Structure formats: structure tokens, C-alpha cells
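Subject: Structure handover and findings

Hello,

Please find the structure below.

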Amino acid sequence: MAATLRIALAQFDFPVGAVESNADRIAAMIVQARDDLGAGLVLFPELALSGYPPEDLLLRPSFLAACEAALQRIAAQTQGIVAIVGWPQSSGSVVYNAASVLRDGRVEQTYRKRELPNYAVFDERRYFDVDPDGGTCVFTVGDVQVGLVICEDMWFPEPMAQTVAAGAQLVMVPNASPYERDKHAQRDALIAQRVHETLVDGRGVALAYLNLVGGQDALVFDGASVLADGDGIVHPAASAFIDQWLVADFDPDSRRFSPVDWMVDGDESRDALAWRAVVRGTRDYCRKNGFDSVWVGLSGGIDSAVVLAIAVDALGADRVTAVSMPSRYTADLSNALAAEQCAAQGVKLITVPIEKPFQGYLDALAGTFAGKPSDTTEENLQSRTRGALLMALSNKFGGMLLTTGNKSEYAVGYATIYGDMCGGYAPIKDLYKTEVFELARWRNTVGGNPIIPPAVIARPPSAELRENQRDQDSLPPYDVLDAILLRHVDQEQSYAEIVAAGFDADTVDRVLRLVRISEWKRHQAAPGPKVSRRAFGRERRYPISNGYRE
């Protein structure tokens with residue numbers, strides 16, 4: 001009977017570019033996995049040494065040299081345990097997405113990723129090469145033959161099949177796979193499929209799938225690592241968005257895992273995961289860019305209410321300041337609801353009326369605007385007044401300004417450039433308005449008393465930039481608008497396809513035109529956490545000057 005192998009998976013955040021501190025942590029964690037966790041094998045995420053994605057840092061020879069030196073330093077300290085560490089390997093004029101097997105003070109083997117994703121948020125072919133002489137990586141730990149593939153390799157049958165043909169009983173799969181709604185089920189089905197493809201007499205290869213965790217600009221990695229036994233049974237995923245050690249014992253005879261330390265989620269609902277994604281993204285963006293506090297312009301509407309709640313969950317109430325900025329058009333209810341939410345969450349609220357600076361703009365332009373009727377110009381001036389004052393508070397006292405625009409607004413340009421689009425991070429940028437309402441309702445079910453006043457959720461959305469204004473004066477109802485946008489933006493359907501699905505032709509034409517002419521605004525928008533299949537920014541990149549119509 002073969003002895004079991006204890007494996008440790010390091011589901012942690014390894015910041016991009018922090019090569020030296022990442023190396024120090026990895027070396028210390030290898031010792032911890034050996035001495036405290038009793039592991040014989042420890043796995044780190046894809047490109048853990050450099051962080052993922054390092055983007056154009058990979059074009060700098062000095063960065064690649066630093067990664068090489070750091071890996072050798074880690075290897076020299078690795079004793080009494082086998083470690084797998086992901087890093088960018090430079091070889092002459094080419095760079096590989098690699099993972100090295102470290103043992104007894106040296107680099108024993110290095111595996112080079114074979115399938116390079118170049119879709120959605122991935123751009124690996126810009127930076128990495130595929131080694132034509134590359135091949136499999138199989139090594140022995142105790143009584144177990146262990147194989148290694150990296151992330152995208154698992155989505156193709158050949159790398160796994162060839163690794164198993166080389167003798168692997170257990171395959172370790174380091175990943176850097178960003179969170180996306182409804183992705184877990186697809187991933188788990190694929191993992192089960194890969195195991196089933198290797199079945200012989202009811203037994204196949206077992207898989208240990210480790211995913212990176214943490215926010216990196218617009219990406220949020222959720223962890224949610226999984227194990228799959230050799231019969232294709234996929235174990236419950238580890239808690240998403242949580243930094244944690246994951247420990248399991250592997251029996252090579254049965255090809256099954258026995259989890260030893262494996263915390264799983266209590267709530268894996270769509271809204272729970274999306275909420276935790278935007279909270280983690282906001283927290284890590286602030287932390288990694290040196291901000292320990294934030295400002296939120298609080299209007300009494302649903303978007304700013306949800307952003308405030310995200311900020312408090314991310315940083316704590318004592319690190320969040322809300323700013324009420326009433327104008328001549330602000331309803332008393334808006335001010336009351338803003339105060340109610342701040343009281344419920346223990347957030348400091350300051351009030352900065354905009355009437356005087358707004359009137360100053362109007363007076364300054366009065367001569368030039370003489371004879372012209374009021375229109376969206378004056379409405380936008382109010383928003384830009386607020387943006388200027390909020391940025392002034394951020395500049396004077398420190399702290400990042402969070403902007404409160406949602407995906408519906410960014411899609412159709414229902415946002416003021418240099419106004420309510422001001423800010424360093426946009427927590428709900430990839431959530432449609434209807435999804436913002438859903439998350440507000442979900443968050444109010446957590447922890448007892450509602451933190452977002454029910455009246456905020458119930459009232460019709462309004463920018464309050466003119467008398468009795470409602471969003472639906474300028475836009476289709478949000479349930480209609482978001483349904484069209486979901487088809488066009490996320491699912492890339494054409495005008496004809498959307499109309500064929502039953503939507504009014506004139507409404508579809510109008511919405512698609514707004515999407516098209518608002519591209520320039522989106523190019524200037526703050527980053528925000530990706531949660532959908534097709535997020536604005538690095539994932540959906542359309543030209544501003546664009547003559548194509550569909």
C-alpha cells in the first residue's frame with residue numbers, strides 16, 4: 001500500500017511587480033507548509049513570483065532578471081519539501097509562462113505553459129512564447145507520480161492526456177483565473193471531464209486546482225480552488241475571495257483526496273459572490289495603491305448607497321467619509337436618506353452645498369450663454385461642480401474618491417465626464433442598474449438590520465439635475481435597457497438579433513447608438529472590478545472612431 005501525500009495549496013494574493021516581497025513570502029510559506037502543515041508538496045498560483053498579470057513589466061529585461069534571481073534564491077532555501085512556484089522565465093529573446101519544481105536546494109524541473117489564452121481579459125501571446133520542445137512535467141514525491149500543467153492547459157485535452165501518459169497519478173494545476181459570474185459551474189464540469197477522459201477501469205488521474213485570490217486593477221481573482229478525485233468527483237470549492245491555506249491528503253491507491261483544512265463557502269449565490277468580488281476589488285485597489293481611506297458622494301440614490309456599503313465592507317466605517325452635496329433641485333428626502341444610511345453604518349457625513357459655486361459658473365458664462373435656453377449644459381455643470389469639490393476634498397485630506405456609476409450608465413453615456421465620473425475607482429462599473437438593485441436587496445438581508453434604507457431602493461432613480469427629473473425621462477425603463485445591453489454588450493448580439501428577440505426596433509436602435517457614441521467617455525473612466533462576461537475596459541476594447549454599424 002502506497003503512503004498518502006499531504007499537499008498544501010497556497011490560495012493567497014501575490015501582488016503584481018512585488019518580486020522581492022513575493023519571494024520572501026513564498027520562501028517563508030514553503031517552510032510553513034513543511035513544518036506547520038506537514039505537507040510533502042506545496043503549490044503556488046500561476047506567476048506567483050511576479051504577480052498576475054504583469055503586463056508590460058514582462059518587456060523589461062531588469063524585471064525578468066529580478067524574477068530569475070528571486071526564483072534561484074527560493075530554490076536554494078527549499079529543503080525537506082517539494083514546491084511548485086510560478087514565474088516568468090526568460091530564455092534569450094523569448095519569455096515563457098513557467099512553473100518550476102523546487103527540491104533539495106535546486107530547480108529540479110521547469111514546465112512551460114503550452115496553451116496561451118488571448119481572449120477576453122487575457123493577452124498572453126503579447127508576452128509569452130510556447131516552447132516547441134516543451135512537453136510534459138512529471139516527478140515523484142514519495143510514492144506519488146505528480147504531473148504539472150498551468151491554467152489554460154487544462155482547457156485542452158492534449159496537455160492533460162500527455163501528462164497522464166507520462167505516468168502522472170496526480171496533476172497539480174496552478175491558475176490565475178479572474179472571477180466571472182456563473183463561471184464555477186463551467187470550470188467544475190471541465191475538471192470532471194478531464195478526469196473522465198483518463199479513466200481506466202473506473203480510475204483516472206486526480207486534479208488539484210489552485211486559483212489566485214485578490215484584486216488587481218479591474219480584475220478580481222476569487223480563489224475558490226477545488227480538488228477532483230480520480231473517479232471524477234469534484235469536491236466543494238474552497239471559500240471564494242479568502243486568503244487561506246488549503247490542505248488535503250492524497251491516497252495514490254484510491255486516487256482520492258481527504259481534505260484536512262479546507263474552508264468552504266456558506267453562501268455561493270450569485271449575489272453573494274458578486275458582492276464579495278466588488279468588496280475585495282475595492283479593498284485591494286485601495287491597499288495596493290497606498291490609500292487607507294475613501295470618499296463617497298452620497299446622493300440618497302441607489303448607486304451611491306450601494307457604493308457606500310461596499311466601501312464600508314471593504315475598509316471599515318472609520319475609513320469612509322460620505323459627502324452630501326445638495327443643490328436647488330435636491331429633494332429633502334434625498335438628504336434624509338443619505339443621513340439615515342450614514343447613521344446605520346456609522347459613517348461620518350459632511351454636507352457641502354453646491355449652490356454658490358454652481359451659480360458662480362452660471363454667472364461666469366452668463367454673457368457668453370446669453371440668448372441660449374438652459375439644457376444639459378447647465379445640468380452637467382452641477383455634476384462637474386460636485387466632481388471638482390469631491391476631488392478637492394480628496395486632495396486636501398487624502399483618501400481616494402470612489403465614483404458611483406453603473407454599467408447601464410457607462411454603456412449609454414448617462415454620466416457626466418469630469419463630473420460624476422470623477423474618482424479613482426468605480427466599484428459598480430460592471431453591474432447593470434437592475435443588478436445594483438438586486439445587490440442592495442441582498443446586502444440588506446445580511447447581518448440583521450438593513451443598511452441601505454428601503455426607501456432608497458423603492459424610489460425612482462433620478463440625477464436631480466432639474467425639476468422633477470427621472471432617469472426614465474431620458475432612458476428606456478431599466479429592465480428593458482439592461483436586457484438590451486446584456487444582449488449587445490455581454491453577448492455581442494447585433495441589432496437584428498435583438499429585434500428578432502422581441503424588442504422594439506426604435507428602442508434598440510436608440511440604445512445601440514448611445515452605446516456607440518459613448519465610447520470616448522468609457523475610455524476615460526476609472527477602473528472597476530470585473531464581474532460579468534464582458535466588462536468595459538481591458539475586456540471590451542472598441543475603437544472610439546468607428547464607422548461600423550450593425
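A cavity here is a set of grid points where a 1.4 Å probe fits but cannot get out. Please keep in mind that this is a predicted model.

Cavities

With that definition, searching the whole structure gives three cavities of 30 Å³ or more. The largest cavity has a volume of about 80 Å³. Its lining consists of 13 residues, and those closest to the centre are A218, G528, K530, A535 and F536. By class, the lining of the largest cavity splits into six nonpolar, two polar and five charged residues.

The second largest cavity comes to about 60 Å³. It is lined by S177, P178, K183, H184, R187, Y209, N211 and D222. Two elements, α4 (183-196) and β9 (206-211), each give two or more residues to this lining. The largest share is that of α4, with three residues. The lining of the second largest cavity has two nonpolar, three polar and three charged residues.

For the second largest pocket, the volume is about 360 Å³. It has 18 lining residues, of which Y119, F122, E180, K183 and Q186 are the closest to its centre. Nine of the residues in the lining of this pocket are nonpolar, two are polar and seven are charged.

Helix pairs

Helix α1 (residues 19-35) and helix α2 (residues 61-77) have axes that come within 10 Å and cross at roughly 15 degrees. Angles under 35 degrees count as roughly parallel, and α1 and α2 are therefore roughly parallel to each other. The crossing of α1 past α2 is right-handed. On the α1 side, the residues in contact are V19, E20, A23, D24, I26, A27 and I30; on the α2 side they are F63, A66, C67, A70, R73, I74 and Q77. Sorted by class, this contact has ten nonpolar residues, one polar residue and three charged residues.

The other pair is helix α6 (residues 302-315) and helix α11 (residues 433-443), whose axes also come within 10 Å. What is the angle at which the axes of α6 and α11 cross? It is roughly 50 degrees, and α6 and α11 are therefore oblique to each other. Here α6 passes α11 in a left-handed crossing. I302, D303, V306 and D313 of α6 make the contact with K433, V436, F437, A440 and R443 of α11. Five nonpolar and four charged residues take part in the contact of α6 with α11, and no polar ones.

Loop between β2 and α2

Two backbone features belong to this part of the chain. Most residues other than glycine have a negative phi, and most peptide bonds are trans. L47, which lies in the loop between β2 and α2, has a positive phi, near 50 degrees, and is a residue other than glycine. P53 is found in the loop between β2 (41-43) and α2 as well. The peptide bond from Y52 to P53 is cis, and its omega is near -5 degrees.

Regards

Terms used. Residues numbered from 1 in each chain as written. Predicted model: local features only at pLDDT ≥ 70, side-chain atom pairs only at ≥ 80, totals over all residues. Heavy atoms only, no water. Axes fitted to C-alpha atoms, helices over the stretch in contact; angles between N-to-C directions. Helix = DSSP H or I, 4+ residues; strand = E, 2+ residues; numbered from the N terminus. Parallel < 35°, antiparallel > 145°, perpendicular 65-115°, else oblique. Left-handed = near helix turned anticlockwise from the far one by under 90°. Contact = heavy atoms within 4.5 Å. Nonpolar A, V, L, I, M, F, W, Y, C, P; charged D, E, K, R; others polar. 1 Å grid on protein atoms, 1.4 Å probe; cavity = no way out; pocket = protein on both sides within 12 Å on 5 of 7 lines; lining within 4 Å. Points joined across faces, edges and corners; volume = space filled by probe spheres on them.
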